[in-house]
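Here is a quick tour of a few local features worth a look. Keep the viewer open as you read.

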Amino acid sequence: MNCQNSLVSLAYIETSKNPLQVFCNFILYLLLKAPNQTLRADEIKEQLQSDFGISMPHQIISNCTRILERKQEVIRLPHAAGYKIGDTSFDIDSFENTRQRFAEHENKLLNSLVEFVSSQYKQKWSEEEAKKYLSNFLDTEGYGTQLFLKKKLELEQHYISPSFYIGRYVDSIQRQTDSVEKTYLEEIIYGMMVLQGIRQTGDYQQNRQQKFKGTVFYLDTKLVLRALGFSWKAQVDSVRETVRLLREKYDAEIGIFQETRTEVQNALSIAGRAFQKHRLIADGELKLYCELNPSEAKRLEDYADSLDALLERELGINSVTSIDKDDPRIKKYNIETTEIADYIEAECGWRRGAIDYDVKIIEQINAIREGDYSQAYGGKKKLPVFVTSNSKLAYTFREYISSNEDEIQQWNTHNLPVISDNMLLYRIWLPFATEFTQLPSLTLSRFAYAAQSEGVVFYEKLRNTAAELEQTRNIDLINTTEVARRKIEDILLRESGGNLDSVTDEVVAASLDEYIRMEKLDLLQENRDLLRHSDMRDEQVVKLLGDSYANKIGVIDRALLFLAKWFWIIIAALLYGLFDWVGKNPYLKGVALLPVAIQAIQYWLDKQSDDHNFRFFLYPIALEFVKKRYIQKITMELESKGYPQDTEAVVQYCIQNTKIFQR
């Protein structure tokens, strides 16, 4: 990696809605730090690379210096001697503090990543290695960015790429809502998208409002399937946002070649039949779609039959493009398809049929463009382009053109008939970044998904080895779910250390045993969670029903309990009042006080005896009578409301929460 500050610099880009202002800040910082606060143009480019770790095209540097000149923040020196600082309010301390804050976030991210791969996969990475692998994940894992790595990392063959582990890590942190690591990583992706987008615009100030009215962007099979909804959410949302940008913001059109339409229709039909017959679905994204949408998966063959209607509804495609290469008007634009396919096959090792399909599409694009590569796409001639989900295809085709530049005059390595969906997205998203705010997060999710595809190789070897040894442990290794496959992959990677050659019979057997053990533990925990959830539900229902009755005793019942508790005192008061009314004989009034004397004797007996019911001997009888009436009332009302199964629990809740029954 060129510089320690690359990731921080990319994250810093999000601090301003105007990307050129960010790059202007970089230049002002370099000038303020330079001797005599003066730098030549080539020195600015070199120091942007050395201090910020970003390779900045001359065109962007020129755009920024013109902006700064107009503001008089820099002064152009005569005789092409460079630039010196002018009258600027740029706060260098604030700039360095912001960079320091991002550096601290980066340390948290790297420490978290190191801990994750160690605990989950027994991989021992240093912080420096983690940073190198993360940069590789962002830069050269087939995304065509080439931002700040001089060359692709030389990784050991037969070992799974570190990008796989980073993909798993990204999946993990994206499930967290308030993670510093997640936020910082998405800031890096945002910066990367901005930088790549601005590198494609030439003069950003002039071209950011450029339209592509009438220009047709031809999607490959994967992108069409995603745009129609046949993939997982991040892939579908990302392509649909790209299509929306092209059609609504740029007045462009989406196209499809006959070959692509046939491939899409076949993919849906084959997946639909496999799903109905409970067979393996070879296409990973369609397999995942079927797992996530089983009811819709039953209709895949119907969708295949009504494909044209789907294409028109979702993509606005009302006709399919087909070109006759034998047409004399087209024939002169035919290209060396066999030679190109041979080169791609030698470089990438892909299935020849898939390569031939891609090269045939490129040839048709070349014919429609009539060999014109004065622009990447669009322009007055509305030059079309083939958009591929396979970034490595675009990169490898460019390498082919570059290696044959002397023989192939019409090609331009900067303007090709094919472009990766990522690079196109960065370009068209940039002017609308504040409106389409979810795309950096979706892009990160797609990067993570693509990086984890290597795990399939390990899983396939496990499946083949287990089948040969008849050690499948009754696990369906063909129709396993995505979740189960990922669990088995993770176990296998821990057992083998990520080394494909270490996937031996013993490792396979141990991995399957570990998977079964984990499934049993998960099942046990799931049952506990269900019971806990059921208990919580019961408690909530009981409380909801019981609150209507708890501590709510009728007036008559309360009066009865009061009479039972103070029976002797009440009798004495009544007798006293009666005798006083009958006559003034003091002896009769003395008789009226007899109940009070009896109460005093009972009080003394309660003190002397373990049985404390002499004084209130009527109260327990009355309380039991009231409780029985209370329970009968609750039971009758709950049964009439349709809750007979909850009666016992509700009665117990009410008794416990009615104070009079707790005395």
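First, the ground rules. This is a predicted model, where local features need pLDDT of at least 70, side-chain atom pairs count only at pLDDT 80 or more, and totals for chains, interfaces and linings use all residues. Residues are numbered from 1 along each chain as its sequence is written, and side-chain values use heavy atoms, with hydrogens and water left out.

**Helix H4**

Helices (H or I, at least four residues) and strands (E, at least two) are DSSP runs, numbered from the N terminus. Helix H4 covers residues 58-70, 13 residues in total, and spans 18 Å from its first C-alpha to its last, close to the 18 Å expected at 1.5 Å a residue; that expected span is 1.5 Å times one less than the number of residues.

For accessibility, buried means under 20% relative accessible area, exposed over 50%, and partly exposed in between (1.4 Å probe, protein chains only). Ile60, Ile61, Asn63, Cys64, Thr65, Ile67 and Leu68 of H4 are buried. Arg66, also in H4, is partly exposed because its relative accessibility is 33%.

**Positive phi**

Most residues other than glycine have a negative phi.

| Residue | Phi | Where |
|---|---|---|
| Gln72 | about 65° | just after H4 |
| His278 | about 60° | loop between helix H12 (258-276) and helix H13 (284-292) |

Are Asn36 and His278 buried or exposed? Asn36 is exposed, with a relative accessible area of 74%, and His278 counts as exposed at 62%.

**The open sheet**

Four strands make up an open sheet, ordered E5-E4-E6-E7, with parallel pairing. Strand E5 (253-255) and strand E7 (418-420) sit at the edges with a single partner strand each, so one side of each has no neighbour in the sheet. Neighbouring strands here are turned by 35° against each other on average, direction ignored.

Two strands pair if DSSP finds at least two bridges between them. Strand E6 (residues 385-388) is joined to E7 by three bridges, and the two run parallel. Thr388 stands opposite Ser420 in E7.

Helix H21 (residues 421-429) lies across strand E4 (216-219), E6 and E7, at about 80° to E7. Contact means heavy atoms within 4.5 Å; axes are lines fitted to C-alpha atoms, for helices over the stretch in contact, and angles run from 0 to 180 degrees between N-to-C directions.
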